[in-house]
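Q: I'm new to this structure and would like a close look at one of its charged pairs. Could you start there and then work outwards to whatever lies around the rest of the chain?

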Amino acid sequence: ARMALPALALLLAAGLLHTQASPSARSFQLDYEHNCFRKDGAPFRYISGSIHYARVPRPAWRDRLLKMYMSGLSAVQVYVPWNYHETLPGVYDFTGNRDVEAFLDLTAELGLLVILRPGPYICAEWEMGGLPAWLLWKPDIILRTSDPAFLAAVDSWLHILLPKIKPRLYQHGGNIISVQVENEYGSYYACDHGYLRHLLGSFRTLLGSEVLLFTTDSTRAEELRCGTLQGLYATVDFGPGSNVTEAFGAQRRVEPKGPLVNSEYYTGWLDYWGEAHASTSAAWVARGLEDMLQLGASINMQVVSWQRAQPAAGYMFHGGTNFAYWSGADYKDQYKPVTTSYDYDAPLSEAGDPTEKLFAIRTVISKFQPLPAGPMPPATPKYAYGWVALRKYAELLDVLDVLCPSGPIRSQFPLTFEALKQAHGFVVYHTQLPWDVLDPATLGAPPHSICDRGYVMLQKEYRGTLERDGQTTLNVTGRAGDTLDMLLENMGRISFGANTSDFKGLLGNLSLNSRPLSNWLIYPLAIDTAVQQGWPHTALPESSSGGRVGPAFYTGTFETPGIAWDTFVKFPGWSKGLLWINGFNLGRYWTRRGPQQTLFVPGSVLHVGRPNNITVLELEGAPPTPLLLFLDRPLYNRTLGRSTPATE
């Protein structure tokens, strides 16, 4: 899922010959003799950019796509995240922000071609790489292979999705010129060509013989060996620092003839919590783009990139935001969750604003093809709504009846999120100390069994946090019968870089001085359901204790001055948690760890003429005076211990 500049990956069309027989028919094909694409019989090269509709609020779709069109792009590259649409087995959602057909129709209306990447795996730094967490209800499933359980789920999904795509293919009067099969499969350990053959058969059956199908992989020989298949046109991905001739040489080793394609040219770089904000210079990106265009290549610009031993995929022309729980994670020696912002230093910023990088890219494109007439649409207006005071509503442990209305599940030992059929968010594990602990005892869990953060409360008092690949023990004292609660947070399933399924929750026994604790009450929390229904703003006030540490809800309201413009909210003195405004989950903040210090708030979620309800779940500790600060610009680059406090 690391992709590059608008590059197109194309696939080998089995039905080349009979379409060539009728030149008047709409066609998009490979020309192996002249090493190019042919659109309606004429040589064609595309310059495309990646945009993820799931990361952009629907009211902003037109604005972002128009800016991409006005940048000189001829196409957009679009992922379809399976888990965004099939939320439970056989339960589909194509409404509102998930209306992929409306998004595709909008691209056609604006005159953009589409390179579609429907997966089933997409990476994209998206939760579980787009695969649904419910696949892990079968704990021994082997993802992205010929495992019959996996193939059955994939086929069921493709039979829902691809019939929506077929009428929008270029050959059928639509604007989708090519479709990618899987994604960077060569980077996955399985190297199961039977799986790729199965996907090829399914795509051909459901989309027909004429559509161009393609794969994307890095330029490493081993990845190209495992990620390519006869019948799928092989494309590569690499970033601005690469030797363009060498990189396309890797594509030539697997595709001696046909168009040169970089399907993911990195225009930016990825941010992880706790690491510095990444950036890529506009001049560097523009120079690499010009080098490829001079070779006649087709390119897709991605905003994201990966730091691997060899150049890998990066991408995005417009990144957007990982709202709610949709951000993924990498695994590279340790678990590395991705930030809420997917700005990625892309040509269009998180809020959709043209950047210096966009204008540098536009200048390069203008040397090779005419730009659309007219001005670039301006940045969307922002508003600094200022300081908003919040008040503590309740400790999380005091509102379990609201957050888990069906009551707890009893279990001798802890159960995973997947065993509980809980995809995202939080679960509370509750037990009691079985004996007096007068001298400090070690509360701990086996390695890699806290997935991903556990907030520990003894007698409802916050005692500290245990963390995956971090601190895994705490010293505690107490009496027999004292309550022990651990709030487990899922920080996003691994989307790239691991060979194992990423189960969440307590994966092993919690123990005291190595003696396992048992007799658990387990509460899967439906926080979003409650907040979307108006809680806690519609509820009676709780009599909350004055403590500031540990998981608790805070509420407040603010009014807009007659306009609802985009804004950015900062959390001065807060630690870590989530923010909802008017029931919309804006994602995770982690002020303590950084680098991201603000969350993007689209104006489309705000009300005009009535109060906007703010709900914050703070997990570790709120400031003495709980305030939020609404700004007209983002702060992405502050990691504690590395820089001075950000200016207010």
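**A buried charged pair and beyond**

A: Glu489 has a relative accessible area of 1%, so it counts as buried. Keep in mind as we go that this is a predicted model. Arg588 and Glu489 form a salt bridge, and their closest N and O atoms sit 4.0 Å apart. Here's what the pair does: Glu489 belongs to strand β26 (residues 483-489) and Arg588 to strand β35 (residues 584-589), so the bridge ties together parts that are 99 residues apart in sequence. Elsewhere, salt bridges with shared partners link Arg453, Glu467, Arg592, Arg593 and Glu620 into one network.

How many salt bridges are there in total? The count comes to 34, so let's pick out a couple more to set beside our pair. Asp31 and Arg38 join through their side chains in one of them, with 2.5 Å from N to O.

The side chains of Glu222 and Arg225 meet at 3.0 Å, N to O. Both residues are in helix α7 (residues 221-227), and they're three residues apart, about one turn of the helix.

Glu395 is part of strand β18 (residues 391-395), and with a relative accessibility of 14% it counts as buried. The side chain of Glu395 makes a polar contact of 2.5 Å with the side chain of Lys392.

From charges, let's move to the greasy side of things. The largest nonpolar core takes in 121 residues, and the ones touching the most other members are Met301, Leu396 and Leu525. Helix α5 (residues 148-165) gives this core its largest share, nine residues. Which residues does Leu396 touch beyond its neighbours within four places in sequence? They are Leu403, Val428, Leu487, Leu525, Pro551, Ala552, Phe553 and Leu617. Apart from this core there's another one, made up of 27 residues, including Leu390, Phe558, Val616 and Leu628.

What about open space? The largest pocket has a volume of about 1100 Å³. Its lining is made by 42 residues, and those nearest the pocket's centre are Arg98, Ala324, Trp326, His424 and Gln532. Strand β35 comes back here: along with α3 (82-85), β7 (86-88) and α12 (527-532), it supplies at least two residues of the lining. The largest share, four residues, is the contribution of α12.

Searching the whole structure turns up two cavities of 30 Å³ or more. The largest cavity has a volume of about 60 Å³. If you want to find it on screen, look for the residues that line it: His52, Tyr53, Ala54, Arg55, Tyr79, Pro81, Ile122, Ala124 and Trp126.

How values were computed. Residues numbered from 1 in each chain as written. Predicted model: local features only at pLDDT ≥ 70, side-chain atom pairs only at ≥ 80, totals over all residues. Heavy atoms only, no water. Buried < 20%, exposed > 50% of the residue type's maximum accessible area, 1.4 Å probe, protein only. Core = buried A, V, L, I, M, F, W, Y, C linked by side-chain atoms within 4.5 Å. Contact = heavy atoms within 4.5 Å. Polar contact = N/O pair within 3.5 Å; in protein donor to acceptor, adjacent residues only side chain to side chain. 1 Å grid on protein atoms, 1.4 Å probe; cavity = no way out; pocket = protein on both sides within 12 Å on 5 of 7 lines; lining within 4 Å. Points joined across faces, edges and corners; volume = space filled by probe spheres on them.
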